[in-house]
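This report goes through selected features of one protein structure, from single residues to the spaces between them. Please keep the sequence and the model in view while reading.

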Amino acid sequence: MIRKLTASAFMAATLVLSGCSGGSSPAPADPDAAVDVATPQTPSSLDPCAGNSGYDLTYLKLIYAPLIDIDPKTLKPKPGLASSWDFVGPDKLTFTVKLRSGSTFHDGTPVDAQAVKVSMEHCLATGLVSVPSIKSIDVEAPDTLSIKLSSPTSGMPGYLSSRLGFVSSPTALRQYGNDFANHPVGAGPYQFARAVPNSEYFFTRFAGYRPVSGPGPIAAGINIKIISSDTAMTNALTSGAADFAYGVSESATAGLERLPNITVERTPQLGFTAIMINTKNNPVNNPKLRLAMEYALDRKAIAKAVLNSDTGIPAWSVYPPGATFHDDAADNAWPYDPDKARQLLAEAGFPNGVPIRGISVAAPPFSTVAVLVAEQWKKVGIEVNFTNIPGPQAISQFVAHNGAEVFSVGWPSQWSAPLNYNSLLGSTSYFRQNAEPNPEIARLIAQLNDTYSEAEQLAVVKQINQILIQRAEFIPIFHAPAVSAYTDRVHGFVPPLNGTPELAHLAVS
């Protein structure tokens, strides 16, 4: 969903960001060949409702078919396992989903309404995906599901295009129980084959996959290798050990762009780097201190230093310029002003400075962001020592164990504003477990869920953003393009406007 920018205009922006180092047209795709993929991004879980990392989504979209799919070129919803869906009744408190016929899970069992009900109830039971407005999930017919709601939830299509809508096999859920994440079974284009956790993940083409439109998966398999260093990533692409790489750091691109048979793509994406805040904790429960932290940051300089380029855009709210729900009025909300930061710090009761505990995901760009924001905060008297922890463990340490006041991480924004704001700032948000409730934000999120047009939703988004500007509930840092690189053997790359590459589209000569 790209505001005012047509899909073609946004793709033009993508091409401006792209760098291509020659490369001839590849030979026809080989259906017997697997695609070797390199990335530094490790999944936290292959159970769609047990993971807590945005990195999971690329893996999950191989295994699971969503009820509602998202066009990667436009971010508009389209049929997935569901052929149609709609809110029913004048109060819109019933959401009906009609399934397409003939879909099966990898284990051969049918994808019917009862299977979807079991999958969704499993997902909600984990607690990581929370939709409190769901009262019941009822099977109306073998191909029809009715979701009863206690309050308006306009973001329901968004929920069913992500984790809640990634349908798991009830047979496999019963068979494997708590070990399902190690034996995931969905109805997506690829079946899980095996994994060496945090090292390699192997998937094979699912012959029974039925795409809604266009061809099904072409490659015989997708093999993902976890490669963290720039040098190793470059070596993998040049040696033939990898055909495609995503999550590529900007520091690696200069060398890759000089190679004759490598294409580098930079795609605008909705997500952003951020500092999350446990606002119940002292001393960050003081909004003036949080505002001091905002004004102390030179976001443009941080983005340039992290990316070693001018491709980053300072982030002031949840959506970047050009996106449907970007709020122009929020731009430059906290202009870089160290003197104002010092004044606010003194007004907060810390004229001599204040120490704060921090956690960072132990991987670029988040660890680098942590270093840079700590340097800038120190200049105004805010002393933050970040502890670097691997991704899923870092999230758990910050949220479940309340191990710090601030957390350097990324937020993979969703195309749906009601879903996005509820997931980030709602009362049941995973990241808000140690945050001070904000009744006004809660009221506006409820209002956002009771609006069904983009224009109405944007008006509510602007109201929420004004509260965020005044209260500094979290600290957005910058939006950066998603960077992918691939050899001239690769077919089918689709620039991902949400930052999540569609690996199932890939094939190699």
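Which helix is Asn420 found in? The helix is H13, which covers residues 417–425. The model described here is predicted.

Asn420 has a relative accessibility of 0%. Residues under 20% are classed as buried, so Asn420 counts as buried. Apart from neighbours within four places in sequence, the contacts of Asn420 are Val318, Tyr319, Trp411, Ser413 and Gln414.

H13 also takes part in a cavity: along with strand E14 (272–277), H13 supplies at least two residues of the lining of the largest cavity.

## Cavities

Four cavities of 30 Å³ or more are found in a search of the whole structure. The largest cavity holds about 60 Å³ of space. Its lining consists of Met276, Ile277, Leu424, Leu425, Phe431, Arg432, Glu473 and Phe474. Six of these lining residues are nonpolar, two are charged and none is polar.

The volume of the second largest cavity is about 50 Å³. Trp316, Ser317, Trp334, Asn465, Leu468, Ile469, Phe474 and Pro476 line this second cavity. Helix H15 (residues 454–471) provides the largest share of that lining, with three residues. By class, the lining has six nonpolar and two polar residues, and no charged ones.

## The second largest pocket

The second largest pocket contains about 960 Å³ of space. Its lining is made up of 44 residues, and Asp69, Pro72, Lys78, Glu502 and His505 lie nearest the centre. The lining comprises 24 nonpolar, 13 polar and seven charged residues.

At least two lining residues come from each of helix H2 (56–63), strand E3 (68–70) and strand E4 (77–79). H2 contributes the most, with four residues.

## Nonpolar core

The largest nonpolar core has 63 residues, among which Met156, Leu160, Phe203 and Ile222 touch the most other members. In soluble globular proteins, nonpolar side chains tend to be buried together.

Beyond its neighbours within four places in sequence, Phe203 contacts Tyr59, Leu62, Ile63, Tyr190, Gln191, Phe192, Ala193, Ala220, Gly221, Ile222, Asn223 and Ile224.

## Helix H8

Helix H8 spans residues 287–295 and is mostly covered, with seven of its nine residues buried. The buried residues are Leu289, Arg290, Leu291, Ala292, Met293, Glu294 and Tyr295. At the start of H8, the backbone nitrogen of Lys288 has a side-chain oxygen of Asn286 within 2.9 Å.

Notes:
Residues are numbered from 1 along each chain as its sequence is written. This is a predicted model: local features need pLDDT of at least 70, side-chain atom pairs count only at pLDDT 80 or more; totals for chains, interfaces and linings use all residues. Side-chain values use heavy atoms; hydrogens and water are left out. A nonpolar core is a set of buried Ala, Val, Leu, Ile, Met, Phe, Trp, Tyr and Cys residues joined through side-chain atoms within 4.5 Å. Buried means under 20% relative accessible area, exposed over 50%, partly exposed in between (1.4 Å probe, protein chains only). Contact means heavy atoms within 4.5 Å. On a 1 Å grid over the protein atoms alone, a cavity is a set of points where a 1.4 Å probe fits but cannot get out, and a pocket is an open set with protein on both sides within 12 Å along at least five of seven lines; lining residues have an atom within 4 Å of a point. Grid points are joined across faces, edges and corners, and a volume is the space filled by probe spheres set on the points. Ala, Val, Leu, Ile, Met, Phe, Trp, Tyr, Cys and Pro count as nonpolar, Asp, Glu, Lys and Arg as charged, and the others, Gly among them, as polar. A polar contact is a pair of N or O atoms within 3.5 Å; within protein, one must be able to donate a hydrogen and the other to accept it, and residues adjacent in sequence count only if both atoms are side-chain atoms.
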